[in-house]
Amino acid sequence: MHLKRVGRRSKDLMVALCFILFLLGAAAIAPGTENPAADGFDSAGSDARAIEIADAVMEKMGGRGNWDRTRYLTWRFFGRRLHVWDRWTGDVRFEEADRITLMNVHTRHGRVWRAGEETAEPDSLKKYLKRGYRAWINDSYWLVMPYKLKDSGATLTYRGLAKMENGRDAYVLTLTFENVGVTPQNKYDVFVDRERMLVEQWAFYRNASDEKPRFVGPWTGWKSHGRILLSAGRGTRAHSDVAVFDELPRSVFESPDPVDMMAFDKAR
């Protein structure tokens, strides 16, 4: 009997210990920690409500874990400029007209070909690498902005509720920047659908001090790509050939030979 009671007591202690560990684990992944801000995000200057909404948007799009596991993205910016981006290494393939740029956006080093001929002249190479980098900065933001609401150099504030041009209610977040990107003076109002919790509209201000936006446009056509959601529709224009890949051959980033991105196996 004594041994039986000791065994039962030990079992009860183990159950209690497991429960405590569960609670500690739950505390470790409390709301707000599943989507940590990038180094340099202005947490002090950002609103708690805005951060809460940004985290909910990330979760709706697939979650931070799935975003971090997404390696290769490809798209044609408004159906014209082709980008293939290795998010893990910073390698990009950029095709525009008769020019192919293979570079790394972290080092900004790379090679350029025009009409099949490699550009060796230093000033021309520098110019085209700069153009490729700036195009990647601009075009990737038009594709993945909602994933970058807590990026380095960003400040996120909550403006309240408003009607979007489609008549639906939205939470409005204002996104400003400091010492980041190539146009840190810009400002965006980001409209998050109140029910769907997806970005469905944005307003662009050339300067943060401007009272009226330069344009207001929709984000539509949200679809599943690999483990995440991406939006291609931008009103009268749209990105094309949007895809996510788990694996791509290195030749995509090292050879100017033509590639058919849709021929590769997509992420599942």
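Buried means under 20% relative accessible area, exposed means over 50%, and partly exposed lies in between, with a 1.4 Å probe and protein chains only. At 9% relative accessibility, E200 therefore counts as buried.

The structure is a predicted model, in which local features need pLDDT of at least 70 and side-chain atom pairs count only at pLDDT 80 or more, while totals for chains, interfaces and linings use all residues. Residues are numbered from 1 along each chain as its sequence is written, and side-chain values use heavy atoms, with hydrogens and water left out.

**The chain as a whole**

The chain holds 5 helices and 16 strands. Helices (H or I, at least four residues) and strands (E, at least two) are DSSP runs, numbered from the N terminus. Of its 268 residues, 42% count as buried. The chain exposes about 14,900 Å², and carbon and sulfur atoms supply 53% of that area; accessible areas come from the Shrake-Rupley method with a 1.4 Å probe, and for residues only the protein chains shown count as cover. A contact means heavy atoms within 4.5 Å. Among contacts with a separation of 6 or more, 47% are between residues 24 or more positions apart.

**A sheet and the helix across it**

An open sheet of 7 strands runs in the order β6-β5-β4-β3-β2-β1-β16, with antiparallel pairing. Strands β6 (117–118) and β16 (240–245) stand at the edges with a single partner strand each, so one side of each has no neighbour in the sheet. Two strands pair if DSSP finds at least two bridges between them. Strand β1 (residues 72–77) pairs with β16 over 4 bridges in the antiparallel sense, and Y72 stands opposite F245 in β16.

Helix α4 (residues 122–144) lies across β1, β2 (81–86), β3 (91–96), β4 (99–104), β5 (110–114) and β16, at about 85 degrees to β2. Such angles run from 0 to 180 degrees between N-to-C directions, with axes as lines fitted to C-alpha atoms, for helices over the stretch in contact.

**Helix α2**

Helix α2 (residues 48–60) has 13 residues and should span 18 Å at 1.5 Å a residue, which agrees with the 18 Å between its end C-alpha atoms. The expected span is 1.5 Å times one less than the number of residues. Its buried residues are A50, I51, I53, A54, D55, V57 and M58. The cover over these buried residues includes α3 (64–69), β7 (154–163), β8 (169–177), β9 (187–193) and β10 (199–205). G62 follows α2 and has a positive phi, near 130 degrees.

**Salt bridges**

A salt bridge is a side-chain nitrogen of Lys or Arg within 4 Å of a carboxyl oxygen of Asp or Glu. A search of the whole structure finds 22 of them.

| Pair | N to O distance |
|---|---|
| D98 and R114 | 4.0 Å |
| R159 and D189 | 3.8 Å |
| E200 and R196 | 3.0 Å |

The D98 and R114 side chains meet in a salt bridge. This pair links distant parts of the chain, with D98 in the loop between β3 and β4 and R114 in strand β5, 16 residues apart. D98 is partly exposed at 38% relative accessibility, and R114 is partly exposed at 35%.

R159 and D189 also meet through their side chains. R159 lies in strand β7 and D189 in strand β9, so this pair ties together parts 30 residues apart in sequence. R159 is exposed at 52%, whereas D189 is buried at 7%.

The partner of E200 is R196, and R196 is partly exposed at 36% relative accessibility. Elsewhere, salt bridges that share partners join R71, D86, D91, R250 and E254 into one network.
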